[in-house]
Amino acid sequence: MTVLLEGRDLHFRHAPDAPEAVAGASVAVRAGEVVGVIGPNAAGKSTLARICCGLLAAQSGEIRLKGEPFHRLTRRERARRVAFLPQQQPQDLAFTAREVALMGRAPHLGLWMLEGPRDLERADAALAEADALDLRDRPVSQLSGGERQRVFLARVFAQDAELLILDEPTASLDLAHQVMLVNALRKRAGGALLILHDLALAGAACDRLILLLAGKVVAEGTPADVLRPDVLSKSYRTQVDVVPDPASGQPLVAPRITRDRA
Amino acid sequence: MKRSAAMRAGLAVALLVPLVVAAAAVGLLTGAGELSLKAALSGQEPDSTVFFRLRVPRVLLAAEVGAALSVAGVALQALLRNPLADPFVFGLSGGAAIGTASVVAFSGTAVGAAAMSAASFVGLVPAQIAAIAGAMAAAFLVFALGRSRGQLEPTRALLVGVVFNSFASAVVLSVESILQPEQTQAVLLWLSGTLGYEAMPLLAGAGIALLVPALLLIALAGRLNLLALGDEGAAALGVDVSRTRLFAFFAASAAVGIAVAFTGLVGFVGLVVPHAVRLVVGPDHRVVLPASALGGAAFLVLADALARVLFRGLGAEPPVGAVTAIIGAPLFVMLLRSRR
């Protein structure tokens, strides 16, 4: 399998006197693979995601897209090949859902940034893929959190990039739309790197998981390799149970919460 | 919204051009005295002189300034992601006011006489050159102080601009205290925004000079749309955010500088016109920018026509800036309330 994204020994700190947010992490995403990045708050997940899509430049280490170093790609080339969904979307946009989906076509447009009929088709197809076609004429500011998230997913799909990097894409989605998103990602030819907090979903959706702690990779492999009670309990500093799903055998993660009241 | 942005922009322009033509017709046919169009066109005096030397240049000036202020307003509102930004928010009005007030203070002195002869060489009066210089100096100052890590940071620049404008009005007030009453009157008139009569070659030059920032901003329109996604969202789509901001900032400043040199501070145009246009055509800057240019031209031509007839019976004429504010303020509140 071709390696889409390969980052090696990445280091990044946000300010000279700040601790390293990413401290020697390495990532790889192969074509057709869905890779999940998990870890507690402030583990460096979002910073790593920004390095992987070129929004931040690693201060040391190297990062390549299909063997090509990031710094050799122009901004627009990179945007045609890597799509990024930030954790939070603007809420007060007066643009309609369709106009937002069309924004995903921006890296493919010419100097005057005018879209053609093919771009309109791609935007509609992306809206359908994200189950947001019925929202297309509504201003984004009037949508609910989950609806808005689907519109922004459509924007990412419309970008037609070979690699999708999604920062907590399922946070405001209901169960059905979480499943829809995972299925949509699996259907795509390219690869995806997801940052996830929901460990059960991470286990079910991803081919491989990377567990990040204080900017370093502390565990990596299949969900069964990474989602182990000893590894998780130590990293998250809370007691975690892992049981196999009776139907699929996938690991199911549950925090242990005591219900006794004194 | 099934149509592409190019088609919607074309449609908006096609619908607004007749509006500008109608506004120009109103502007050309209203004034202090009665005028026979037939006599003017057949070269009869004094109608011909009044028409071609006074009314045509004045309507052209109003159209150019209205378009410039509206386009700059749209650009700065996009840049700051704040619909309340107006063309003067970055300190340009303050800079231009200091320039004008100091020229008025120096007139009658040896320095003033030298400036006068230098300025008349290019067909401008010293106050106009001083206004352009002051506005551009303010733009560079705000740009220099509004940066962080080499990038223009909109909120910081906005604060610098607001503070600079207050500082400038204090300077202007201090200068005014040493002026003769008639000089104070001139500065006051300039501060409230007035349209005068300029020579045609100068108007043509200003029109061409305004096309550069206007076309640059229209070319940037697609990127200004993406800025609404936030800096990261725009950058992830391949936009060079800091360069886009830089170009938009200086293009808008140049347009405002040219406008201010001719008319002083005409308020509310850059605020009301973009809002009204967005209400009709939506938020897409590829449509909003050309539509605002035409809408702004029509708006200021009509406001000026109104200014000329408002106190005609008394033989007086209020500054056009007062008229735009009197129409603009309630109109702006109405537009705000009509937004769902």
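I start with a pair of residues: A:G7 stands opposite A:V27, which belongs to strand 2 of chain A. A word on the source: this is a predicted model, in which local features need pLDDT of at least 70 and side-chain atom pairs count only at pLDDT 80 or more, while totals for chains, interfaces and linings use all residues. Residues are numbered from 1 along each chain as its sequence is written, and chains are lettered from A and ligands numbered from 1 in the order in which they are written.

Back to the pair. Strand 1 of chain A, residues 3-12, and strand 2 of chain A are antiparallel and share seven bridges. Strands here are DSSP runs of E of at least two residues, helices are DSSP runs of H or I of at least four, and both are numbered from the N terminus. Two strands pair if DSSP finds at least two bridges between them. The two strands sit in an open sheet of four, in the order 2-1-4-5 in chain A, with antiparallel pairing.

What is the order of its six strands? The order is 6-7-8-3-9-10, the sheet is open, and the pairing is mixed. Strand 6 (82-85) and strand 10 of chain A each have a single partner strand, so one side of each has no neighbour in the sheet. From one strand to the next the twist averages 15 degrees; angles run from 0 to 180 degrees between N-to-C directions, and axes are lines fitted to C-alpha atoms, for helices over the stretch in contact.

A:F84 has A:I165 of strand 7 of chain A as its bridge partner. Helix 5 of chain A, residues 145-158, packs on this sheet and touches strands 6 and 7 of chain A, and its direction makes about 170 degrees with that of strand 6 of chain A. Contact means that the C-beta atoms of two residues, placed from the backbone, lie within 7 Å.

Further along, strand 3 of chain A (residues 34-38) pairs with strand 9 of chain A in the parallel sense over four bridges. A:G36 has A:L209 in strand 9 of chain A as its bridge partner, and A:L209 also stands opposite A:G221 in strand 10 of chain A. Strands 9 and 10 of chain A run antiparallel and are joined by five bridges.

Two residues separate the strands of that hairpin, and A:A214 there takes a positive phi near 50 degrees. A:A214 is partly exposed, with 16 other C-beta atoms within 10 Å. The cut-offs are 20 or more such atoms within 10 Å for buried, 12 or fewer for exposed, and partly exposed in between, with C-beta atoms placed from the backbone. A:M113, not a glycine either, has a positive phi of about 55 degrees. A:M113 lies in the loop between helix 3 (97-103) and helix 4 (117-129) of chain A, and counts as buried because it has 21 C-beta neighbours inside 10 Å.

On to chain B, which has 14 helices and two strands. Its radius of gyration, taken over C-alpha atoms, is 20 Å, close to the 20 Å given for 340 residues by the globule rule (2.2 Å times the number of residues to the power 0.38), so chain B is as compact as a globular protein of that length. Of the 340 residues in chain B, 51% are buried.

Helix 12 (residues 269-281) and helix 14 (residues 320-338) of chain B pack at an angle of about 35 degrees, with their axes 9 Å apart. Among the residues making the contact are B:L279 of helix 12 and B:F332 of helix 14 of chain B. One local detail: the peptide bond joining B:E45 and B:P46 is cis, with omega about 0 degrees. B:P46 sits in the loop between helix 2 (37-41) and helix 3 (47-80) of chain B.

Last, the interface. How many residues of chain B are in contact with chain A? There are 23, in contact with 26 residues of chain A. Helix 9 of chain B gives the most to that side, with six residues.
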